[in-house]
Amino acid sequence: MPKAITPDSEIQALKGVGPKQAEAFRRLGVRTVGDLLRLYPRGYEDRRKLCTIAELVPGEACRFVALVASTPTVARLANRRTVLQFRAVDETGSVRISYFNLPYLKNQIHVGQTYQFYGRVTKNNYGLSMISPEMEPLVGDEAPEGAILPVYPLTAGLSRKQVISAMRAALDACGDNVSEILPPEVLAAHDLADAGSALAELHFPASDEALARARRKIMFEELFLLAAGLALLKNRRAKLSGRRYPPVDDRPLRGLLPFSLTNAQERVIAEGLADLASGRLMNRLVQGDVGSGKTLVGAFLAYHVIQNGDQAAMMAPTEILAAQHYATLEKIFAPLGIRTVLLTGKMPAAARRAALAEIASGEAQMIVGTHALISGGVEFSALGLVICDEQQRFGVAQRAALSAKGCDPHMLVMSATPIPRTLALILYGDLDLSIIDELPPGRQVIDTFLVGQPMRQRVEAFVRKQKAEGHQTYIVCPAIDESDMDELKSVTEYAESIAETVYPDLAVACLHGRMKSAEKDAIMADFVSGKTDVLVSTTVIEVGVDNPNATLVVIENAERFGLSQLHQLRGRVGRGKAKSYCILISAHTDAATKERLGILCKTNDGYEIARKDLELRGPGSFFGQAQSGLPSLRMASLATELPLLHEAQAAANELLAADPTLSASGHTALKAQVEQLFSTDQGNTFN
């Protein structure tokens, strides 16, 4: 008796799935039948309507029945290509059908035979035509009933028909045995379909209404799991006690500042100090636009910890940024008698040994570094506060590794990527949120312009104008070498070209992420010192590079970037007293591109830009899974499903209020799924 197929069965257990297909499925992340059932369609084709040829609409995909009216002919084209063509007709008109590089079809298509066709029709001077439509001979007098058919992601060695066939086999074998993750009371309260019905209708919907109901269930489930996991993390961390750091007199620190803190900075510092004095472990995100003064907030909290006798550490994602933070903090703390130490992976051995000794002994009170801070051999004397800058560049596990260097130190994470508050409160549900929504006085507005290729000479002249006035320019390119997309500006090729032909009398340098750290640091040091006039770079300059003398950033192929990323890149200038500019260059002249990039020209408000970016591109423009440490959403869109997200979050909070640890017998599957989603490479537990 054959073994029953379950969601845990290997994909090859399905009839028709051999070793080669199974390997292709594995490339799509599908190893089991259950994985296959969760391979969601990326779209659908509505084949329910049967058209006549006269009803075909150019540019749209459609289904029709027609008779082959001419003998198929095969013509040879250049490069050994072939095209097979014939004419199909019905009582309302005719269509020319073409298939490329399929000459054998000539013997399978018969004049006078009626076929059903599905494809996208085009129209030219010769009439209607269709290239490579799906075609099947008609059996009987009537066309088969149409349906809504799924469109799946594919890979080499796996056709759409094979995926559909395997999916039907999987649903037939165990569609009714799919375990339900959400508790019955949640399904009932929110009018959700059960798991088996939802998956069946998601893959092969009987109607638009059935598809909408299935999608709603799957999206709600994803968002519920996300909300429940974040809430469990926050609840667990809230139980952890932290060392109390009572407020100290910070007038000596304030007296060294040549300016007053903004109201927003004062508010966020007060929120952080309340955490430090509360006796519970601080786990706070400080979010602020470019130039809002997040580092100074971190410095004030570090000062209070240090004055209470413990150490503070700040981790930055790059050596350049770490060096800049070290310079800033050392300048602030040295007059106060506080010892600041830098630790990076590229330090000379002797300097590293000395830094490690000071950190271990407690002589080093403020420690700044890169990932080197979480490497082996780094021991702190009394680490009380961990500050992670540009937190989206670190996964949860990396932050946890630095925390493990101390005895449950307080955690402050900072981000210069503005995210709309409602979304941030949900996505960073495991963190308390502080927002610096005010820029320091005098922070200038950067004039931004969108131009096309015809303006290139004027842009080049403007670069020379900046040089003549004693200032410097960034030029940002999205690609690194010629093997990338042809129409993109290659940073290496472009830097060499403009150095030879456009600015032979200027000092031009090139910077990209594939360079070794020492080389990148040397190039940036030359730029900051004024030895370089024009720095051609990839987005490696996006985070933290600070050169007050740079007054112009030119961004090539600007349409390739998200608005939030463009805003970050723009923030590399405007850091000194001189007027600064950003020029976006794009060869794309369509209205949508102009409207999107035009947003940068209208506002310097990072939160307004983030809101627009979220609407246009979704949350991927803010962070990816690897950066944020959050599980990915396979169907739900945080950009378009905020109402459903709020509903799912409310449902998760209600359930957790009744069962805070999901320990009830009916919640076992839910807890296991949440732990699986949040445990991958992140070190999270909910016990």
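A residue counts as buried when its relative accessible area is under 20%. Keep in mind that this is a predicted model. F117 comes out at 0% relative accessibility, so F117 is buried. F64 is buried too, with a relative accessible area of 0%.

Now the rings. How many aromatic pairs are there? The count comes to six. One of them is F64 with F117, a stacked pair with 5.3 Å centre to centre and 20° between the planes. F64 belongs to strand β3, residues 61-68, and F117 to strand β7, residues 114-124, so this pair ties together parts that lie 53 residues apart in sequence. F117 also pairs with Y115: the centres are 6.2 Å apart and the planes stand at 45°, so that pair is tilted. Y115 is buried, as is F117. Ring pairs join F64, F86, Y115 and F117 into a cluster.

Next, charges over rings. R47 has its charged end over the ring of Y118, 3.8 Å from the ring centre. R168 does likewise with F204, at 4.0 Å from the centre.

Last, the helices. Helix α17 covers residues 563-570 and helix α18 residues 591-602; their axes come within 10 Å and cross at roughly 35°. The crossing is right-handed. Which residues meet there? From α17 they are L563, L566, H567 and R570, and from α18 they are R596, L597, I599 and L600. By type, the contact has five nonpolar residues, one polar and two charged.

That is what I have for today.

Definitions and conventions:
Residues numbered from 1 in each chain as written. Predicted model: local features only at pLDDT ≥ 70, side-chain atom pairs only at ≥ 80, totals over all residues. Heavy atoms only, no water. Axes fitted to C-alpha atoms, helices over the stretch in contact; angles between N-to-C directions. Helix = DSSP H or I, 4+ residues; strand = E, 2+ residues; numbered from the N terminus. Left-handed = near helix turned anticlockwise from the far one by under 90°. Contact = heavy atoms within 4.5 Å. Nonpolar A, V, L, I, M, F, W, Y, C, P; charged D, E, K, R; others polar. Phe/Tyr/Trp six-rings, centres within 6.5 Å; stacked < 30°, edge-to-face > 60°. Buried < 20%, exposed > 50% of the residue type's maximum accessible area, 1.4 Å probe, protein only. Lys NZ or Arg CZ within 6 Å of the ring centre and 35° of its normal.
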